[in-house]
Number of protein chains: 6
Amino acid sequence: MVFVTRRERFNAAHKLHIPTWSDEKNMEVFGKCSNPNWHGHNYELYVTVKGNPDPVTGFVMDLKRLSVLIKEKVINKLDHKNINLDVDFMSGKMPSTEVLAQAIWEQLADEITAAGGHLHSIKLYETENNFVEYFGTL
Amino acid sequence: MVFVTRRERFNAAHKLHIPTWSDEKNMEVFGKCSNPNWHGHNYELYVTVKGNPDPVTGFVMDLKRLSVLIKEKVINKLDHKNINLDVDFMSGKMPSTEVLAQAIWEQLADEITAAGGHLHSIKLYETENNFVEYFGTL
Amino acid sequence: MVFVTRRERFNAAHKLHIPTWSDEKNMEVFGKCSNPNWHGHNYELYVTVKGNPDPVTGFVMDLKRLSVLIKEKVINKLDHKNINLDVDFMSGKMPSTEVLAQAIWEQLADEITAAGGHLHSIKLYETENNFVEYFGTL
Amino acid sequence: MVFVTRRERFNAAHKLHIPTWSDEKNMEVFGKCSNPNWHGHNYELYVTVKGNPDPVTGFVMDLKRLSVLIKEKVINKLDHKNINLDVDFMSGKMPSTEVLAQAIWEQLADEITAAGGHLHSIKLYETENNFVEYFGTL
Amino acid sequence: MVFVTRRERFNAAHKLHIPTWSDEKNMEVFGKCSNPNWHGHNYELYVTVKGNPDPVTGFVMDLKRLSVLIKEKVINKLDHKNINLDVDFMSGKMPSTEVLAQAIWEQLADEITAAGGHLHSIKLYETENNFVEYFGTL
Amino acid sequence: MVFVTRRERFNAAHKLHIPTWSDEKNMEVFGKCSNPNWHGHNYELYVTVKGNPDPVTGFVMDLKRLSVLIKEKVINKLDHKNINLDVDFMSGKMPSTEVLAQAIWEQLADEITAAGGHLHSIKLYETENNFVEYFGTL
């Protein structure tokens with residue numbers, strides 16, 4: 001079993017803000033992340049696929065194909081977008097890095113299986129100091 | 001003459017969009033950066049001050065003091081904000097990285113002079129692939 | 001289960017030196033790390049906490065709170081200090097990166113539990129070429 | 001159990017090309033990686049060894065010794081070489097990152113055991129966007 | 001005057017080898033860089049353009065357009081190629097980083113002028129430890 | 001004219017502390033950098049040499065030779081040392097990054113001239129957030 005990882009990036013706006021809460025409560029829980037007029041990040045996404053290398057090509061999965069798949073299902077929907085407003089697969093969800101990583105897993109898992117791979121993990125950096133990892137329903 | 005540099009970071013939303021233009025023209029000129037619902041970045045700011053090291057302390061300028069000054073005049077106004085809507089010193093300006101770097105220079109130059117230093121340059125990264133530098137009115 | 005990680009940094013001096021050994025033996029085992037007058041590093045610390053995201057906030061653990069906790073229990077005691085001489089929780093211990101990572105775990109595990117989280121791992125970089133990871137008593 | 005990691009680097013040429021296939025098929029499967037006249041990379045190799053820190057030295061394994069071992073068995077054979085043509089332990093193998101990581105494991109596992117350590121993983125970056133990990137025959 | 005920079009990357013093979021010299025002399029002067037079967041690098045290229053930001057768009061030069069130009073004139077000719085054998089604009093030249101940076105300048109300077117910009121510098125990383133900069137015929 | 005740069009690294013201890021000042025004044029001016037028992041850093045040093053590439057080798061200066069020279073005159077004296085106590089060329093000097101960069105210039109300028117090169121600048125990182133540059137007596 002070998003694990004191969006592809007990095008992709010996207011730049012997006014979001015806010016952490018619960019509409020049914022007061023501004024004070026949003027500020028207390030989410031701090032400056034609740035700024036009503038949004039803020040944004042350069043996100044870095046690492047998608048890891050596992051499997052045995054093909055005996056002929058030496059590939060677990062063609063990373064060019066994985067890259068195209070990530071772009072179609074994830075990056076094109078998130079890059080230069082507002083995560084709260086513009087992204088179908090985040091509709092009605094809190095755009096924390098944790099929830100976003102789980103939603104990206106849902107976008108990719110079946111697609112990668114259909115392409116002959118097996119999704120192992122999603123790692124998502126919000127800043128150089130903060131990141132999350134998700135391995136599916138362990 | 002020695003040049004000392006302090007890095008600070010901020011996360012902000014913006015869009016490149018001219019209201020008097022049609023959506024088509026905005027898209028043609030600014031591409032996905034014109035997304036009406038904003039996008040955002042992790043900006044990295046490098047502020048360089050020049051001078052002769054003090055013969056006693058060995059400092060061109062106390063970087064702790066420079067850091068406080070940058071935070072007060074720049075970071076606190078930009079971090080987790082919308083550059084188009086929330087930032088007084090960017091009001092009425094196009095929030096391109098070029099214009100933002102020039103505006104940050106204006107925020108800092110006199111303050112650094114008052115603190116006994118001499119501002120040399122502003123370097124501002126929007127992404128790992130794109131950055132600008134400004135040296136004042138050469 | 002989602003894993004969230006916070007990076008913090010500290011700059012410290014140390015030496016790897018066993019007082020009951022001769023200088024020759026210290027040099028043989030620890031090489032230049034045994035320099036009697038100390039040397040130092042910019043350490044990078046990654047603290048990973050695991051859990052299920054809160055259904056309302058989307059957080060496994062508030063990273064601002066985790067950051068405060070790491071600063072109080074670890075960074076403030078290590079930053080700009082001598083690990084051999086100044087750090088209560090390293091007293092009498094060899095300040096190798098391995099032992100330091102284990103001691104940081106001890107500093108944080110119960111505090112994170114008390115804050116409603118679950119410490120998963122400590123990752124500690126001594127240089128860009130050398131780092132260690134500790135997952136508690138597996 | 002603590003995990004210690006040493007990073008080493010090498011610069012090498014390779015191509016992904018199956019001689020019994022037509023140029024068209026090689027291009028279709030391997031894309032620009034099949035360029036007949038080679039291309040190359042700055043590879044980054046992370047070797048992770050696990051164990052309990054020695055109660056006297058605080059070391060899982062002396063990283064200086066690990067570094068020497070990696071250089072002798074891996075780096076000296078790969079650095080500034082052609083992976084397809086010059087590297088004995090890759091002879092007859094497809095020089096994909098996956099296969100190369102597995103071959104590096106074979107080069108190191110017994111040597112590290114003989115030195116009193118226990119190899120845990122090989123992580124190999126081909127570019128900043130592509131890397132693989134191998135943990136032996138799990 | 002503001003300076004804007006775009007980073008692009010390419011992976012290529014090369015060797016530093018003078019055919020009219022003996023292997024011994026090549027090894028003496030170029031060391032392992034003279035390996036007959038080539039080696040390679042992940043090059044990082046930084047192209048800096050200078051000018052005054054357009055009063056309407058805030059751009060010194062559209063970085064999307066600059067990126068396309070760099071890809072057409074430089075990256076597509078170098079990426080996954082052999083610099084000694086495959087690159088028209090390096091034909092008959094020593095593929096040192098210095099000479100390559102100068103040749104990239106020649107590829108881009110007039111094109112950038114035609115696009116309304118002014119090329120300021122080429123910065124080219126061969127490894128994380130070695131890079132060169134060229135500012136034209138100062 | 002082309003500028004070539006070599007990066008080298010060293011890990012050292014220091015403190016910013018003026019013995020004739022009270023502890024209070026040292027703390028007021030130098031903050032935690034004045035900790036009596038030292039602290040330390042992973043320094044990164046960039047040495048830039050300028051010149052015209054040799055028409056035969058394509059080199060401004062052989063970077064292997066430059067690397068050896070930097071190691072002999074600078075790194076071997078600083079790495080795993082105490083800058084206040086162990087380094088001959090810093091004796092009696094305040095070990096600020098500014099003063100250290102100037103002293104490294106003095107160590108290297110004539111040596112590089114003797115080797116046929118021309119020293120252009122010394123860039124020295126103390127942390128990822130703080131660095132200085134020195135260009136000699138401009």
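1. Buried area is the accessible area, taken with a 1.4 Å probe, that two parts lose on being put together, summed over both. Chain B and chain E bury about 1600 Å² between them, with 57% of that on carbon and sulfur atoms. On the chain B side, Glu98(B), Asn129(B) and Phe131(B) supply 34% of the area buried against chain E, more than any other three residues.

2. The model is predicted: local features need pLDDT of at least 70, side-chain atom pairs count only at pLDDT 80 or more, and totals for chains, interfaces and linings use all residues. Residues are numbered from 1 along each chain as its sequence is written, chains are lettered from A and ligands numbered from 1 in the order in which they are written, and side-chain values use heavy atoms, with hydrogens and water left out.

3. Contact means heavy atoms within 4.5 Å. By that rule, 19 residues of chain B touch 18 residues of chain E. There is 1 salt bridge across this interface (a side-chain nitrogen of Lys or Arg within 4 Å of a carboxyl oxygen of Asp or Glu). Glu128(B) forms a salt bridge with Arg7(E), and the closest N and O atoms are 2.7 Å apart.

4. Helices (H or I, at least four residues) and strands (E, at least two) are DSSP runs, numbered from the N terminus. Helix 1 (23-30), helix 3 (97-114) and strand 5 (130-134) of chain B each give two or more residues to the side that touches chain E. Strand 5 of chain B gives the largest share, 5 residues. By class, this side has 11 nonpolar, 5 polar and 3 charged residues (Ala, Val, Leu, Ile, Met, Phe, Trp, Tyr, Cys and Pro count as nonpolar, Asp, Glu, Lys and Arg as charged, and the others, Gly among them, as polar).

5. Two strands pair if DSSP finds at least two bridges between them. Strand 5 of chain B and strand 1 (residues 2-14) of chain E pair in the antiparallel sense over 5 bridges. In this pairing Tyr134(B) stands opposite Val2(E).

6. Chains C and D also pair through strands: 5 bridges join strand 5 of chain C to strand 1 (residues 2-14) of chain D, antiparallel. Phe3(D) is the bridge partner of Glu133(C). Within chain C, strand 5 (residues 130-134) is joined to strand 4 (residues 119-125) by 4 bridges, again antiparallel. A hairpin links these two strands through 4 residues, and Leu124(C) stands opposite Val132(C).

7. Leaving aside neighbours within four places in sequence, the contacts of Leu45(C) include Phe10(C), Ile70(C) and Ile122(C). Leu45(C) and Ile122(C) are 77 residues apart in sequence and 7.2 Å apart in space, C-alpha to C-alpha.

8. The contact between chain B and chain A takes 25 residues from each chain. These chains bury about 2000 Å² between them, 41% of it on carbon and sulfur atoms. In chain B, Asn37(B), Asn42(B) and His80(B) lose the most area to chain A, together 29% of what that side buries. The interface holds 6 salt bridges; Lys32(A) forms one with Asp79(B), the closest N and O atoms being 2.7 Å apart.

Note on methods:
Buried < 20%, exposed > 50% of the residue type's maximum accessible area, 1.4 Å probe, protein only.
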